[in-house]
Amino acid sequence: MRQLGMRAVLGALLLGSTAVASIENDFSAVLKFGPRVTGTPANEGARTYLEGQFRALGYTTRRETFSYPRFDDLGSDVRVGERTLRGFALQGSAGGEVSAPVALVPGVGTPEDFRGANVRGKVAVVRRGQLPFAQKARNALAAGARGLVVVNNTDGELRSGTLGERVELPVLGVSTTTGAGLQEGQPVTLAVRVRQGDVRGVNVVAYKAGVTRPELLFGAHMDSVAGAPGANDNLSGTLAVLDLARRSVNTSLANRSYFVLFDGEEDGLRGSRAFVKDNAALVGSLRAMFNFDMVGVNADPLGVSGDGALVNAAREAVPTLQAFSGGGGGSDHASFAQAGVATLFFHTGIDRNYHQPTDTVLDPALIRTTVDAAQKTVDAVLSAAPASR
Ligand code: BES
Ligand code: ZN
């Protein structure tokens, strides 16, 4: 009797502390690692922590690895006298260091624009816009330039621009402010430091021992882009999946579900594509895949998109959910939809910190709201007649 009482008190204390504080604890524990770029120690550290949380709840976890080629900017700049101005290599750019005078190209870099400027042997400077980066770069190369700087046409840095092909010329994207600092004939040193190599990604798959044919799969990507700590994108979705696992652990839902943290999403849905490819039988048995991506900042009210029947079920179960069509950007549900799985994508819109160094905050209450909505939707979906497949 006495022992039972003690146990109950202890249990309540433990339950109380985990239930109240976990999203907050997990948030600060994971955010500390910094940007979780696939293939980096921070990404691995975050994964090990998250995996440990699933295990502590009583789930089995397994890791699934995959690899793909990636272009990395190791830190590129243009030096003008004593000043070093930051820029970002365009994907596909050659690496290299070029010291030469600046040649300002009037316009956006058409062959005619280059004819009007003498860029031979120089670092050409063109404006962003109107024609693809690769064409500007090819035109610069054909005109004899030794390097190319593309100046942004909107505020901020020109980050993650891509040539879409390999061009044998160092090409740097810079902000309008940096571009304004480059003057005709001025000697500069353009340093584009890049690496092209294979990256290894690792998905974490959590499930109750013995479950091999789940009906539902809850997923979120845990990687983030370089330079962004990825609080909203997508520690928010990651913590929603973990919280759902926590809430379901002693319910029948745990015996019908898989929880997956995808890696490599920011490099083109790599982890979810690998998962679908490597788990064809499991994926074929799913009734639904729920994806959570950017659910921690209320740029918009919580919304869903995806399979029509699932969207309807969700909005019936949670009338405040907005339905949105398209928009919202690409995320891992797309890999499952492509494989014929009914998907439901939860998100709260794009906020100003998206893919920025300022993506450091989220509201745990919004994550709870998301998990509440997902649970209600799941109840509605599972109580409906089983799918015929
Ligand atoms: N988290 C975003 C997708 C997103 C955007 C969700 C807005 C909700 C609202 C995702 O990580 C991302 O950046 N996706 C890319 C495409 C992907 C294939 C690299 C995008 O949307 O541009
Ligand atoms: Zn994302």
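Helix H4 is followed by glycine 144, whose phi is positive, near 95 degrees; helices here are DSSP runs of H or I with at least four residues, strands are runs of E with at least two, and both are numbered from the N terminus. The model is a predicted one, in which local features need pLDDT of at least 70 and side-chain atom pairs count only at pLDDT 80 or more, while totals for chains, interfaces and linings use all residues. Residues are numbered from 1 along each chain as its sequence is written, and side-chain values use heavy atoms, with hydrogens and water left out.

Within H4, which spans residues 133–142, the buried residues are Phe133, Ala134, Lys136, Ala137, Asn139 and Ala140, where buried means under 20% relative accessible area, exposed over 50% and partly exposed in between, with a 1.4 Å probe and protein chains only. These buried residues pack against helix H3 (111–115) and against strands E6 (123–127), E7 (147–151), E8 (162–167) and E9 (171–174), a contact being heavy atoms within 4.5 Å.

Further along, the axes of helix H9 (residues 308–317) and helix H11 (residues 364–383) come within 8 Å and cross at roughly 120 degrees. The contact is made by Leu310, Ala313, Ala314 and Ala317 of H9 together with Lys376, Thr377, Ala380 and Val381 of H11.

Leu310 is also one of the residues touched by threonine 343, which lies in strand E17 (residues 343–347). Threonine 343 counts as buried because its relative accessibility is 5%, and, leaving aside residues up to four places away in sequence, its other contacts include Met289, Ser305, Asp307, His333 and Phe336.

Technical notes. Chains are lettered from A and ligands numbered from 1 in the order in which they are written. Axes are lines fitted to C-alpha atoms, for helices over the stretch in contact, and angles run from 0 to 180 degrees between N-to-C directions.
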